[in-house]
Amino acid sequence: MLKTAREAVRSPILDTVRETITRHRLFEPGARILVGVSGGPDSICLLHILYLLSGTWDIKIEVAHFDHNLRGEESKRDARFVEEMAGRFMLPFHLGTGDVKAYARQNALCIQDAARALRYGFFKHVREKTGCTYIATGHTADDQAEEVLMRLLRGSGLAGLSGIPLQRQDGIIRPLLKVSKEGVLRHLAAFGLEFIKDSSNDNPKYLRNRIRKDLIPFLAMKFNPAIVNTLNRMTSLLSEEHQLLEDMAASAFGRALMSNGGCHMVFDVLKLRLSQHQSGEEFINLRSKDLKV
């Protein structure tokens, strides 16, 4: 039986998600949040967690689902399921559709990138229409591990290896990013929550699926049983270093900029060199402190 009321059922991940939201200030009490729900376990878990928190934090929740029209009747089934789930929680529901294949052809994109562009475009449209401040998506620690491995295989730099951010400047937040897929499934089981399966997640033509089903299990079995946690820890460290370098570069830029001579920007080269030297020493000192050298 679906337990939608705020019952005395112990969630194995609620404290983790609450701490993540609070520590990183993902949103404030009273916020209006649009939740992107596919119907899969991660997004259903996210919706339910936010529902549990909505009473004490006075947050307002709306549900959005985008039908990519890629899986025929299965796609329509997903939309009906999410609409029904939103109804059980008595939450506003918004449905969008798009021709992903046509959009991919017109913009020279792969199917997954085209689907993502249309989906997020719809979410942002609904946010503007409803007055929501944030868009919440159900990315988990397992998604983070998959993403960073995929970027590594494609030759990404520091920014890419920093992984999926907990929050973006455009108001997109990922409250489940510190939670494992196993934790998500345990939460769903504890509350008797149903979810649906996207058959495209088993298609080996997609690199992400091969990483999830082949590479990560191989690395866990042969090299590091905690590979998902290790990759998440690495992305956290690299994200901090990337942000630190960005802040140093911005500071050096500001100190070296002398004036705007019409259409040209004028820099003091000596100040720029001094800033580079100071920033390098500052970075080494900070990282040494972190590593307890």
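I looked up leucine 34 and found that its bridge partner in strand 4 is isoleucine 135. Strand 4 covers residues 134-136 and pairs with strand 1 in the parallel sense over three bridges, where two strands count as paired if DSSP finds at least two bridges between them. Helices (H or I, at least four residues) and strands (E, at least two) are DSSP runs, numbered from the N terminus.

I noted that this is a predicted model, in which local features need pLDDT of at least 70 and side-chain atom pairs count only at pLDDT 80 or more, while totals for chains, interfaces and linings use all residues. Residues are numbered from 1 along each chain as its sequence is written, and side-chain values use heavy atoms, with hydrogens and water left out.

I then checked the cover of strand 1, residues 32-36, and four of its five residues are buried (under 20% relative accessible area, with exposed over 50% and partly exposed in between, for a 1.4 Å probe and protein chains only). Strand 1 also pairs with strand 2, residues 60-67, in the parallel sense over five bridges, and glycine 36 stands opposite alanine 64 there. From strand 1 the chain passes through helix 2, residues 41-57, to strand 2 in a right-handed β-α-β crossover, meaning that, with the strands pointing away from the viewer, the path from the first strand over the helix to the second runs clockwise.

Last, I looked at backbone angles. Aspartate 58, in the loop between helix 2 and strand 2, has a positive phi near 55° although it is not glycine, and it counts as partly exposed because its relative accessibility is 46%. Alanine 108, in the loop between helix 4 and helix 5, also has a positive phi near 55°, and it counts as exposed because its relative accessibility is 72%.
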